[in-house]
Amino acid sequence: MERVDVPTAWVSSLNPVRLELCARHGKLAEDDREVEFKQKTPEWVWSALPALIGVAGLVIIVLRAKVSPVITVSPLILAVLALDRKMLPPMKVDRWPFCARCLTLGRLGAFGTTFGILGLISTGLIALRLANVGTDRTTLSLLLVLLVVMVIGAVVKEKYSWRRIARGHASKDQGSVQVEAHDRFAAAVRNQLIAEREAAGAQPTGL
């Protein structure tokens, strides 16, 4: 694997030139997908989470456990993640190349999305049943299974999202996609950059 920067303009639908290889496997691309790349999350975000959880713990101790830990911690975590997204907005590219193996991995991500949605809907329905009818062992067991299915679906969806498969992040100025790429893909990008520079240097500067 080799880190390489791919100009954003290369993966725009307005660019007539198409990348021929996938970044992950270095194989011929069979199809393009719209991909939303994120900037790398700063270390301070992850460092802040334990501190926030500690603050939440102190709040719970002060209130003598009158407030649920989930209710206390969740808003703090969501606030950090929302701030992260606002400070580091994602960048969407029109056509990122993927080979046949990449497309197969992408289908796993689609299955994960489906499982997650079905698990969420089913969990909501069972929660309504528990609220109206009351609890029993069978319903609680089914609820636990659906929660596990929902979590597995979310993990699979993230692991096999197009962004994860592409192994890329948006640059800070969003002018390029920074990719941990296969050597063949990295070499192809370097050769194309050299060709563009040579072509720009050969153009007449004016009369």
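A170 has V177 of strand 5 as its bridge partner. Strands here are DSSP runs of E with at least two residues, helices are runs of H or I with at least four residues, and both are numbered from the N terminus. This is a predicted model, where local features need pLDDT of at least 70, side-chain atom pairs count only at pLDDT 80 or more, and totals for chains, interfaces and linings use all residues. Residues are numbered from 1 along each chain as its sequence is written, and side-chain values use heavy atoms, with hydrogens and water left out.

Strand 4 (residues 168-170) and strand 5 run antiparallel, joined by 3 bridges. Two strands count as paired if DSSP finds at least two bridges between them. The hairpin of these strands has 5 residues between them. There, Q174 takes a positive phi near 60°.

## Strands 1 and 5

Strand 5 (residues 176-181) also pairs with strand 1 (residues 2-7). This pairing is antiparallel and has 6 bridges. V6 stands opposite V177.

## The whole chain

The protein chain has 6 helices and 5 strands. Their order from the N terminus is β-β-α-α-β-α-α-α-β-β-α. The chain has 207 residues, and 30% of them count as buried. Buried means under 20% relative accessible area, exposed means over 50%, and partly exposed lies in between (1.4 Å probe, protein chains only).

Take the contacts (heavy atoms within 4.5 Å) between residues at least 6 apart in sequence. Of these, 80% join residues at least 24 apart.

## A nonpolar patch

L108, F111, F115, L118, L142, V145 and V149 make a nonpolar surface patch of about 630 Å². Areas come from the Shrake-Rupley method with a 1.4 Å probe; for residues, only the protein chains shown count as cover. Patch residues have over 30% relative accessible area and no salt bridge; nonpolar side chains (Val, Leu, Ile, Met, Phe, Trp, Tyr) are joined within 5 Å, like charges within 9 Å. A salt bridge puts a side-chain nitrogen of Lys or Arg within 4 Å of a carboxyl oxygen of Asp or Glu.

Helix 3 (100-133) and helix 4 (137-159) each supply at least two patch residues. Helix 3 gives the most, with 4 residues. V149 lies in helix 4. V149 is partly exposed, at 32% relative accessibility.

## Cysteines

The whole structure has 0 disulfides (pairs of cysteine sulfur atoms within 2.5 Å). C22 is in none: its nearest cysteine sulfur, that of C99, is 3.5 Å away. C22 is buried, with a relative accessible area of 0%. C102 is in no disulfide either; the sulfur of C99 is its nearest, 3.7 Å away. C102 is buried too, at 1% relative accessibility.
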